[in-house]
Amino acid sequence: MDNPAIKTLNLTKSFGDNVAVDNLNLEIQRGELFGLVGPDGAGKTTIMRLLAAIMLPASGEAWVAGHSILHEGEKIKEKIGYMSQRFGLYEDLTVMENILFYADLYEVPKKERPRRIERLLGFSNLTPFKERLAGKLSGGMKQKLGLACALIHTPEVLFLDEPTNGVDPVSRRDFWRILYDLLKEKVTIFVSTAYLDEAERCTRIGLIHKGRLIMADNPANVKKSMPLAMVEVWSPEARKAAEAIKNMNGVKDVSVYGNRFHITLTEMGLMNAIIAQLKDTGVEITDYRSVLPSLEDVFIEMVKR
Amino acid sequence: MKLMRIKAIVKKEAIQILRDPLSLAMAFLMPVMLLFIFGYAITMDVDNLSTVVYDRDKSSMSREFIAEFRESRYFTIVGYAEKQADIDRYIDSGLARVAISIPEDFSKNMKTGRNAEIQVAVDGSDSNTATIALGYISAISELYSQRINKAPVTTFNSPHSGREGEVPRTLFVEGATGYPLAGVPLIVTPRMRVWYNPELKSRNFIVPGLIAVIMAIIAALLTSLTIAREWERGTMEQLISTPVKPPELIIGKLFTYFIIGLIDVLMSTLIGIYLFDVPLKGSPLLLMMLSSLFLFGGLSLGILISVVAKSQLIASQVSIIVSYLPALLLSGFMFSISNMPGPLQIVSYIIPARYFVTMLKAIYLKDSALNLLVFETVLLSIFGFLVFMIANRKFKKRIE
C-alpha cells in the first residue's frame, strides 16, 4: 500500500496529428480526491481511458494500484471502478439487473451481495427504483446507478469521467456527498470535470489544456492563478440577458447556448454588478455557476507564468 | 474462464432480446418469413399454367385432345378463343401464358394419317417456364398420338401393324418459333425412376436447402449486431473496464444466439414437415447435431464481423454479403454446383453453407448416416473452430 494510487511517466497519446495527451507526469496518492479540470477536448477522457487500461498509450507508462497499464491491464481492471462519460449501462435492464450483472462480472461473492447492494442502493437513493429500467431513470439517477455499479466490488481507485455532466444541481450535490463518503473509506477518486465549483471540492486538481498538464495543485492555489473567470448563467431568456450585459465593463465575451450563456470576466467580483444589471432589465435567472474558461488565451497566459 | 461471468452475459443477452421487439422479430419471425417466401416462391415445378385454346376444328377428336390438357395438372384452361385476335388478347394481357391453336383440318389429318399440326404460342417473358411448358405440350401430344394409334410402341413404324385401314399418324406440335418440337414417333419409351425424391417435387429439396440459408443469415446477422451495438451504445466501454475476459464475453453471446438458432432449426423443420409436406427421412437427432455445428461456425462468423466492424450498419451489410448471398447462390441450394463455371466451383468450397446444404439434403432425402457425411462434418468443424479462435483474438479490450 506504499506505492501511489496512480503514477504516470511521460504518458502520451495522439490521434493522427492531434496530440490528446502530451507527456503527462502525475502522481496521485492513495485516499486523494483528484480533479482533472479542463475544457472540452482538452484530453480528459483520453487520460481516463489510458488509466483505466481500456486504451493503450503511444508512449510513456503509467501504474494504477501498483500495476502497469501496458502489461497488467487486466489486473488493474479488477482493482478499479470506471464510469465512462457516456452512460455505459444497459438501458433495457432494470436497476437491479444492471447491478447484479456487474456483481457477476466482478465475481462479488454471493454471500456479500445483499449487504453491499442494499448499501449502494441506500446511499444513492435508488432503493425505490430497483425494478425500473435504467433507460427510464433521470440523468442524475443514471449517474448514481453508474456509480453503484462501479463500486459493487469495492475498488481501490475510482475513475469518474465528467460524472455530473448534464445533471441537475440537487443530484450534483447528492453525487458529491457520496464521493466524500467514499473518501472516508480511503478510496482514491480520480474525477474529471469542466466545472470550477466541482474542482474546488477536490483535494487536488490538475489543470489540463490541449493534452498538457498546466498545473497540479490544491484548488486555492490554482484559483489564484486564474487570469479570467467564466460564469455559466441559466435563464429562460438567455439571448435577451446576454444582450443586456455584453457591453459592460470587464465583460470580455458572452456566448449563448439555448437557455444558458457563458460570460467571460476579467475577475469574478464583477458578477454582483452583472446580476444587478440583469435584474434592472427584468431578465429572470434560474442558476449561475463558475466554470472553467475555455478561451485559449487564458491558458496561454497561464503557461507564460 | 469463469462460469459466473459467462452465465451473467447469457442472462443479460437473453433479457435484452426478450425485451426488444425488433430483436425478437429478427430471431423468430424472420426465419419463418424467409421459409414462407422461399418455400412458396421458389418452386421449379410448373403447374396450372393458364392456357387459352382456339379450336377451329371443333370435332370430337379436337375436343378429346383438349381434354388431355384440361385433365393434366400442368395446364388450366382459362378461356376459349373465337378468333385469332382473342389469343393475342389473352397472351398480351397476361390472362394466359400458353395458347393452343387447333387448325380446321386437325381431325381430318389425323384420320387420313397425315401429320396433324397444332400451333402453340407461349409467353416467353419467363423463358424457364416457357421451355418447361413446351416440353409438357409435346409430351402430352406424343401420348395422345400414341393412344390414338393404339399400336404397340415397338411396331409403331410398321404400316401393317395398325388398326385395319389405318396408317400410323404423327401429331406435330409447332412451337411459337415455328419449328416442330415433337413429332418423331417414339420407338422407345424411357421409363425413368427417380430415387430419393420420387415425386420430383422441387420443394422437397428446396426446403432442406432453405434451412441452411436461413441458418446462415440468422446466425451471422443476429450475432453481427450484438458487439457492434454495444460499441455504438457506449456499453462496451463500461464492459471492457471490467475483468471480463474476451472468451467469456464471446461464449456468453454465442450461447444465447445458439439457443435461438436451434429453436429456429426446429421451427423450420416442423414447418417444412407439416406445412410444406416435406418428409424428413433421416434422423432428427443427426439433423440437430449437424445444425449445431453449422450454427457454431455461422455465429462465430457473426461475432468476428461484429468485432471488426464496430458499427451495426456495416456489420449487418457485411454479414449479408459473406453469409446470406453465398449460402443462397453458391451453396448448391438454388443452382447446382456442378453447373457453375470452374472458378465459382472452387469458391464454393470455402462456403460453409455448401457443406450444410449437402448434409441437409442427404439427411432429408436419403436418410444418410453420419459416416457418409464425415467430409462435410470435418470441414464445418474446422471452419467453426478457426473463426471462433480468430474472433477471440481480434476482440481487444481496448479502445483504438
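This is a predicted model: local features need pLDDT of at least 70, side-chain atom pairs count only at pLDDT 80 or more; totals for chains, interfaces and linings use all residues.
**Entry 1: chain B as a whole**

I started with the secondary structure. Chain B has 14 helices and six strands. I then looked up burial. Of the 400 residues in chain B, 52% are buried. Next came the accessible surface, which totals about 19,200 Å². Carbon and sulfur atoms account for 64% of that surface. I also checked how far apart in sequence the contacts reach. I took contacts in chain B between residues at least 6 apart in sequence; 77% of these join residues at least 24 apart.

**Entry 2: B:Arg63**

Where does B:Arg63 lie? I found B:Arg63 in helix α3, which covers residues 60–71 of chain B. Its relative accessible area is 49%. Exposed requires over 50%, so B:Arg63 counts as partly exposed. I set aside the neighbours within four places in sequence and looked for contacts. B:Arg63 touches B:Asp55 and B:Lys58. I also looked up B:Ile102, 39 residues away from B:Arg63 along the chain. The two C-alpha atoms are 9.9 Å apart.

B:Ile320 sits in helix α11, residues 312–329 of chain B. I noted a relative accessible area of 33% for B:Ile320.

Conventions. Residues are numbered from 1 along each chain as its sequence is written. Chains are lettered from A and ligands numbered from 1 in the order in which they are written. Side-chain values use heavy atoms; hydrogens and water are left out. Helices (H or I, at least four residues) and strands (E, at least two) are DSSP runs, numbered from the N terminus. Buried means under 20% relative accessible area, exposed over 50%, partly exposed in between (1.4 Å probe, protein chains only). Contact means heavy atoms within 4.5 Å. Accessible areas come from the Shrake-Rupley method with a 1.4 Å probe; for residues, only the protein chains shown count as cover.
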